[in-house]
Amino acid sequence: MATILGEALSNIPWQEKPHGESGVVWRYTANPIIPRNLLPTSNSIFNSAVVPFEGTFAGVFRCDDHRREMQLHSGRSDDGINWTLSPERIHFNAEDPEVVRWEYGYDPRVCWIEDRYYITWCNGYHGPTIGVAYTNDFKSFYKLENAFLPFNRNGVLFPRKIGGHYAMLSRPSDNGHTPFGDIYYSESPDMTFWGKHRFVMGTKGGWQSTKIGAGPIPIETTEGWLLIYHGVLTSCNGFVYSTGAALLDIDKPWKVIYRTAPYIMSPQTIYECVGDVPNVAFPCAALADAPTGRLAFYYGCADTVTGLAFAQVDELIDFVKRNSAV
């Protein structure tokens, strides 16, 4: 039986699978957990990152404001479900003013590595690229150099070094809505200079035929790195964002061992199908409890609100292996 290689998280948000639920993933029955107007200035709150923090939970949230400008806000929660967000966007600190020049920021991820929380996000710098920063307290944030040249999105760090180097997944893109996209792997000795770029995986048919991108921070398991990712289908009515999962090699994460042919979740509820951007289920963060194998992941719904879903890691990995497209 596959197990998580990690720490206990006894207060993980959790709801047992409903009777009669046939899917390997199930939604929180009180979704969405974060409404679009939790802040007086927010038009929408979605595609956000959550981590355990000092016995509770903290995170970085995408909050598009009433100007429809994309901002990043910090937030705290005692239970991972009811959130309080800072009314002011995050203001990053750096010695070089060029590094913190702000255009926009969206779709953050947060990853604990060694002694601090690293934040990656789609950062506006003459086009979208991967911004990198860190914090210890979710009050003060320190900006590092952007990881790559434009254009790039979906920068997702691994929670530990691989072969002595920091490691990141990303998706090279364009300056628009990007009708293409594959996942790549990169390494860095210092979180500044990135290289050793490796192809991980590309599009397949059906729900992941247009583009794909890494979602939450990969979860280390006895079967490999469990990667939850999004895939996009171009329908006659536009993009449809669904969720899949893959297993990557522990030592060479650019090698895909298994990958779901069917999605594990697609936009089907009213809050996933109706909103500013219809038909989106976009995973961005996951919490895992090693002793129980419980997994809770946060996802953006219709680019408007934030939802929560659950799975048992052993069941999810078994599903991936039994339904692999590799």
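Predicted model: local features only at pLDDT ≥ 70, side-chain atom pairs only at ≥ 80, totals over all residues.
One aromatic cluster is formed by F53, F92, W102, W112, Y117, W121, F138 and F141.

**Aromatic pairs**

- A pair of aromatic rings is described by the distance of the centres and the angle of the planes.
- The count of aromatic pairs comes to 26.
- F53 and F138 form one of these pairs, which is edge-to-face, with 5.1 Å from centre to centre and 75 degrees between the planes.
- This pair links distant parts of the chain, since F53 belongs to strand β2 and F138 to the loop between β9 (128-135) and β10 (141-143), 85 residues apart.
- Both partners, F53 and F138, are buried.
- The pair of F61 and W83 is also edge-to-face, because the ring centres are 5.0 Å apart and the planes stand at 65 degrees, and the cut-off for this class is over 60.
- F61 is in strand β3 and W83 is in the loop between β4 (70-77) and β5 (84-85), so their pairing ties together parts 22 residues apart in sequence.
- F61 and W83 are both buried.

**Largest pocket**

- Rolling a probe the size of a water molecule over the atoms shows where empty space is left.
- The largest pocket holds about 770 Å³ of space.
- Its lining comprises 27 residues, and those closest to the centre are E7, P52, W112, P159 and A288.
- Two or more lining residues come from each of β2 (42-53), β7 (105-113), β16 (219-221) and β20 (281-289).
- Strand β20 provides the largest share of this lining, with 5 residues.
- By class, the lining of the largest pocket consists of 22 nonpolar, 1 polar and 4 charged residues.
- W112, among the residues closest to the centre of the largest pocket, is also a member of the aromatic cluster.

**Second largest pocket**

- The volume of the second largest pocket is about 650 Å³.
- It is lined by 28 residues, and R62, Y106, H177, Y241 and D303 lie nearest its centre.
- Strands β2, β3 (56-65), β7, β11 (152-157) and β18 (238-248) each contribute at least two residues to this lining.
- The most is given by β7, with 3 residues.
- The lining of the second largest pocket divides into 11 nonpolar, 7 polar and 10 charged residues.

- D107 is located in strand β7, and N47 in strand β2.
- D107 has a relative accessible area of 10%, and it therefore counts as buried, for which the cut-off is under 20%.
- N47 is likewise buried, because its relative accessible area is 2%.
- The side chains of D107 and N47 make a polar contact of 3.0 Å.
- The side chain of D107 is also joined to that of R62 by a polar contact of 3.0 Å.
- Apart from neighbours within four places in sequence, D107 is in contact with N47, R62, T120, W121, C122 and F282.
- With residues up to four places away in sequence left out, N47 touches R62, D107, P108, F282, C284, G300 and D303.
- R62 and D303, both touched by N47, are among the residues nearest the centre of the second largest pocket.

**Backbone features**

- Most residues other than glycine have a negative phi, and most peptide bonds are trans.
- N47 has a positive phi of about 45 degrees although it is not a glycine.
- T178, which is not a glycine either, has a positive phi of about 55 degrees.
- T178 lies in the loop between β12 (166-172) and β13 (183-188), and it is buried because its relative accessible area is 1%.
- The peptide bond from N31 to P32 is cis, with omega near -5 degrees, and P32 is in the loop between β1 (26-27) and β2.
- P150 and F151 are joined by a cis peptide bond with omega of about 15 degrees, and F151 lies in the loop between β10 and β11.

**Helix α1**

- I270 is in helix α1 (residues 270-273).
- I270 has a relative accessible area of 62%, and it is therefore exposed, for which the cut-off is over 50%.
- I270 and L9 are 261 residues apart along the chain, and their C-alpha atoms are separated by 31 Å.

Methods. Residues numbered from 1 in each chain as written. Heavy atoms only, no water. 1 Å grid on protein atoms, 1.4 Å probe; cavity = no way out; pocket = protein on both sides within 12 Å on 5 of 7 lines; lining within 4 Å. Points joined across faces, edges and corners; volume = space filled by probe spheres on them. Helix = DSSP H or I, 4+ residues; strand = E, 2+ residues; numbered from the N terminus. Nonpolar A, V, L, I, M, F, W, Y, C, P; charged D, E, K, R; others polar. Buried < 20%, exposed > 50% of the residue type's maximum accessible area, 1.4 Å probe, protein only. Polar contact = N/O pair within 3.5 Å; in protein donor to acceptor, adjacent residues only side chain to side chain. Contact = heavy atoms within 4.5 Å. Phe/Tyr/Trp six-rings, centres within 6.5 Å; stacked < 30°, edge-to-face > 60°.
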